[in-house]
Every structure is written in C-alpha cells, then in structure tokens.
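These are my notebook entries on one structure. I record here what I looked up, one topic at a time.

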Amino acid sequence: MSVRQIRMFGDSSLRDVAEPVAAFDRSVRDLVRALTATMRAGAGRAGLAAPQIGVPLRVIAFEVEGRTGHIVNPRLEVSDRLIRADEACLSAPGMWWPLERSFSAVARGRDMYGKPITVRAIGTLARVLQHEADHLDGVLFIDHLPAEERERFLAAIP
C-alpha cells in the first residue's frame with residue numbers, strides 16, 4: 001500500500017468531523033493499510049487518523065511500544081487520572097508540547113472486517129488513542145492548550 005500525504009496544521013479539512021464507517025468492504029481494508037504505511041513512514045510514528053490523509057472516515061491506526069493495530073468507529077472511555085507529557089502530531093512534524101491527558105483509556109470499535117474489538121491502554125498508547133480520536137472530531141491537540149500556549153505553539157511552527 002502506498003504512503004499518502006499527511007495534511008498539515010492549517011489545512012481546514014483537519015477541522016471536519018469524520019463520518020462513521022458503514023460498510024466494511026475492501027475500501028476500508030485499503031484505508032487501514034494506507035494509514036499504517038503512512039504512519040510508519042512518518043517521524044514519530046505512534047498513530048494516524050484517516051482525516052490526516054484526507055479521508056473523512058472514523059478510522060485510526062496505531063503502533064506504540066510493540067502494540068500495532070487499528071480501530072474503525074472508535075469510542076473511548078478514559079480514566080479520571082491525568083498525566084502531563086509531551087505530545088506531537090504528524091500534522092505538525094517536529095513540534096512537541098506538554099499536554100495533560102487521561103492516563104488510561106479503553107477503546108471499543110471494529111476491525112477492518114467489522115468484527116468488534118476492544119483496546120485497553122495505559123500511558124503512551126492511551127495518549128495516542130485519545131489524540132487520534134480527537135482528529136476524528138476535528139479537534140487538534142493544541143485545542144486542549146490554554147490560549148497563550150496555543151499561540152506560542154502556532155508561532156513556533158516553521
């Protein structure tokens with residue numbers, strides 16, 4: 001599967017809310033493969049959401065600490081326990097910023113064939129799942145920053 005171009009911060013399509021996948025056909029499997037290949041080719045390589053490659057569907061791929069996978073139509077349940085850590089985005093390469101997220105998450109959805117899946121995650125994988133799920137709702141990680149920090153982040157983008 002070919003590597004796709006990643007949409008960068010400033011691209012208005014990153015603000016669109018993605019549509020749920022209704023049919024689990026070959027196009028969904030091709031999308032998952034393209035997401036995975038594109039994610040692996042990028043710097044950081046922890047996760048990627050379909051809107052980041054211009055596909056407005058609710059699909060994410062991840063590869064963190066030896067766990068690789070994807071979730072179609074993910075729904076997240078997050079813990080109340082928060083942790084602050086640096087976060088980055090393939091849509092703003094080379095930029096890292098401290099952000100508070102839930103320490104653990106449970107993601108439920110479907111695999112590329114439509115079978116139910118559950119991913120239980122703590123630490124970095126939980127952060128990645130939250131980050132990618134945000135992309136499906138048109139939310140960028142900088143939206144979680146206070147206005148002053150968000151302005152500093154945007155000013156630092158090359």
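**Entry 1: helix α1.** I began with R33 and D30, which lie three residues apart in helix α1 and are therefore separated by about one helical turn. In this predicted model, R33 forms a salt bridge with D30, and their closest N and O atoms are 3.7 Å apart. I noted that side chains of opposite charge can pair when their charged atoms come close. I then looked up accessibility: R33 is partly exposed, with a relative accessible area of 38%, and D30 is also partly exposed, at 24%.

D30 has a salt bridge with R26 as well, at 3.9 Å from N to O. These two residues are four apart in helix α1, so about one helical turn separates them. R26 counts as exposed, because its relative accessibility is 61%.

**Entry 2: other salt bridges.** How many salt bridges does the structure hold? I found 11. One of them joins the side chains of D11 and R7, at 3.5 Å from N to O. Both ends are partly exposed: D11 has a relative accessible area of 26%, and R7 has a relative accessibility of 29%.

**Entry 3: aromatic rings.** I searched the whole structure for aromatic pairs and found four. One of them is formed by W97 and F153; this pair is edge-to-face, with 5.5 Å from centre to centre and 85° between the planes. Which parts of the chain does the pair link? W97 belongs to strand β5 (residues 96-102) and F153 to helix α3 (residues 147-156), so that distant parts of the chain, 56 residues apart, are linked.

Are W97 and F153 buried or exposed? W97 counts as buried because its relative accessibility is 12%, under the 20% limit. F153 is buried too, with a relative accessible area of 0%. I also recorded that ring pairs link F9, W97, F141 and F153 into a cluster.

A ring can also meet a charge: the charged end of R81 sits over the ring of F103, 4.0 Å from the ring centre.

**Entry 4: V17.** I located V17 in the segment before α1 (26-41). V17 counts as exposed, at 52% relative accessibility. Which residues does V17 touch, not counting those up to four places away in sequence? I listed R58, L136, D137 and G138. Finally, I looked up V17 and L31: they are 14 residues apart in sequence, and their C-alpha atoms are 17 Å apart in space.

Key:
Residues numbered from 1 in each chain as written. Predicted model: local features only at pLDDT ≥ 70, side-chain atom pairs only at ≥ 80, totals over all residues. Heavy atoms only, no water. Phe/Tyr/Trp six-rings, centres within 6.5 Å; stacked < 30°, edge-to-face > 60°. Buried < 20%, exposed > 50% of the residue type's maximum accessible area, 1.4 Å probe, protein only. Lys NZ or Arg CZ within 6 Å of the ring centre and 35° of its normal. Contact = heavy atoms within 4.5 Å. Salt bridge = Lys/Arg side-chain N within 4 Å of Asp/Glu carboxyl O.
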